[in-house]
Amino acid sequence: MAMGSDITPHRGMRASDADRDAVAQRLASALSDGRLDLAEYERRLDTAMSATVYGELEPLTADLPTPQRPVQGPVDLAEVGTENSAPSPWREWFDEWRWWLGGAVIMTGIWGVISISEGEFTHFWPAIPLGIWAAVLLAHLVFPSHGDDDDPDLDSDLEEKGRNRHTERRRRKTRRRDRKRRR
């Protein structure tokens with residue numbers, strides 16, 4: 001029996017779940033980077049998940065750049081793209097303006113329907129709530145709040161500070177008690 005016939009070529013070697021997950025991670029990163037569109041990503045991901053040998057996995061990422069850090073573990077598509085990109089500080093502010101614009105469209109639509117039903121243009125009442133809302137958004141830009149109640153990072157920071165403060169108080173009490181015993 002020849003030694004060469006016993007060795008399976010790399011392309012014919014069976015792929016493991018970890019190999020398929022690594023390819024899926026690279027594909028998800030390429031999707032979040034804009035290198036693949038959603039249809040191409042889904043097609044390649046389906047092929048990767050059904051691949052049985054390395055030869056089926058290699059062409060799926062051959063035209064993609066190699067990752068800068070090794071990929072490990074299963075793919076969490078909800079987290080892809082958020083790990084390597086810092087959120088823009090303006091993103092939340094622009095999102096708020098998008099909400100404002102949506103409210104403006106709805107209120108103006110209601111005003112338009114009422115005006116048409118009455119047969120004449122009525123007072124443009126949406127200007128009042130939209131003006132107040134816009135003033136609040138502009139005030140938030142000028143005077144940003146640093147203590148949003150619904151900020152989970154802030155809540156965890158406050159909890160951590162509270163635990164540290166409690167631990168420090170316990171240490172002080174223990175030191176005082178020890179000093180009193182020594183006297």
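## Legends for close-up views

**View 1. The whole chain.** Of 183 residues, 19% count as buried (under 20% relative accessible area, with exposed over 50% and partly exposed in between; 1.4 Å probe, protein chains only). The model is predicted: local features need pLDDT of at least 70, side-chain atom pairs count only at pLDDT 80 or more, and totals for chains, interfaces and linings use all residues. Residues are numbered from 1 along each chain as its sequence is written, and side-chain values use heavy atoms, leaving out hydrogens and water. The chain holds 7 helices and 0 strands (DSSP runs numbered from the N terminus: helices H or I, at least four residues; strands E, at least two).

**View 2. The largest nonpolar core.** This core has 14 residues. Such a core is a set of buried Ala, Val, Leu, Ile, Met, Phe, Trp, Tyr and Cys residues joined through side-chain atoms within 4.5 Å. Val23, Leu27, Leu36, Tyr41, Ala48 and Leu57 touch the most other members. Helices H2 (17-33), H3 (38-50) and H4 (54-61) each supply at least two core residues. H2 gives the largest share, 5 residues.

**View 3. Around Leu36.** Leu36 touches Leu27, Ala30, Leu31, Tyr41, Arg44 and Leu64, leaving aside residues up to four places away in sequence. Contact means heavy atoms within 4.5 Å.

**View 4. A nonpolar surface patch.** Trp90, Phe94, Leu138, Leu141, Val142 and Phe143 form a patch of about 650 Å². Patch residues have over 30% relative accessible area and no salt bridge; nonpolar side chains (Val, Leu, Ile, Met, Phe, Trp, Tyr) are joined within 5 Å, like charges within 9 Å. A salt bridge places a side-chain nitrogen of Lys or Arg within 4 Å of a carboxyl oxygen of Asp or Glu. Areas come from the Shrake-Rupley method with a 1.4 Å probe; for residues, only the protein chains shown count as cover. Helix H6 (residues 127-142) gives the most to the patch, with 3 residues. Leu141 lies in H6. Leu141 counts as partly exposed because its relative accessibility is 35%.
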